[in-house]
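This report describes one protein chain, shown below.

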Amino acid sequence: MNDSARQRLIFALDVGGGFDEALTWVDRLGDHVGLFKVGKESFVRHGTEIVRQIHARGRKVFLDLKLHDIPNTVSRAAEAAFGLGVAMFNVHA
């Protein structure tokens, strides 16, 4: 697979086995996918530490929290996501 194709692949880490299982997937697939998706389930369960651990492995994160609230709240949440160094996050408008 060429690098361009690999960069378009996103692997969802919303797995039921917990923190260690999620990081096992990052370790297994890190050279094969472009981003690891941390959704609501993983983020609520593991907090910002899951993002930090993915970054510590040299991988990129798509923070899939579907931000949707009053504009000021979404703006501050977006700033916080940016502060985590995520490669991508989504906003519902």
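Helix H2 (residues 19–29) packs against helix H4 (residues 48–56) at an angle of about 25°, and their axes are 10 Å apart. Axes here are lines fitted to C-alpha atoms, for helices over the stretch in contact, and angles run from 0 to 180 degrees between N-to-C directions. Helices (H or I, at least four residues) and strands (E, at least two) are DSSP runs, numbered from the N terminus. H2 and H4 are therefore roughly parallel to each other, a term for angles under 35 degrees. Their crossing is right-handed, meaning that the near helix is turned clockwise from the far one by less than a right angle. H2 contributes Phe19, Ala22, Leu23 and Val26 to the contact, and H4 contributes Glu49, Ile50, Gln53 and Ile54; contact means heavy atoms within 4.5 Å. Of the residues in this contact, six are nonpolar, one is polar and one is charged. Ala, Val, Leu, Ile, Met, Phe, Trp, Tyr, Cys and Pro count as nonpolar, Asp, Glu, Lys and Arg as charged, and the others, Gly among them, as polar.

The model is predicted: local features need pLDDT of at least 70 and side-chain atom pairs pLDDT 80 or more, while totals for chains, interfaces and linings use all residues. Residues are numbered from 1 along each chain as its sequence is written, and side-chain values use heavy atoms, leaving out hydrogens and water.

Four strands form an open sheet with parallel pairing, in the order S1-S2-S3-S4; two strands pair if DSSP finds at least two bridges between them. Strands S1 (10–12) and S4 (88–91) are at the edges with a single partner strand each, so one side of each has no neighbour in the sheet. From one strand to the next, the twist averages 25°. S1 and strand S2 (residues 35–39) run parallel and are joined by three bridges. Ala12 stands opposite Lys37 in S2. H4 packs on the sheet, where it touches S2 and strand S3 (61–67), and its direction makes about 155° with that of S3.

Beyond its neighbours within four places in sequence, His55 is in contact with Val61, Leu84, Gly85 and Val86. Lys66 is not a glycine, yet has a positive phi of about 50°. Most residues other than glycine have a negative phi.

Key. Angles under 35 degrees count as roughly parallel, over 145 as roughly antiparallel, 65 to 115 as roughly perpendicular and the rest as oblique.
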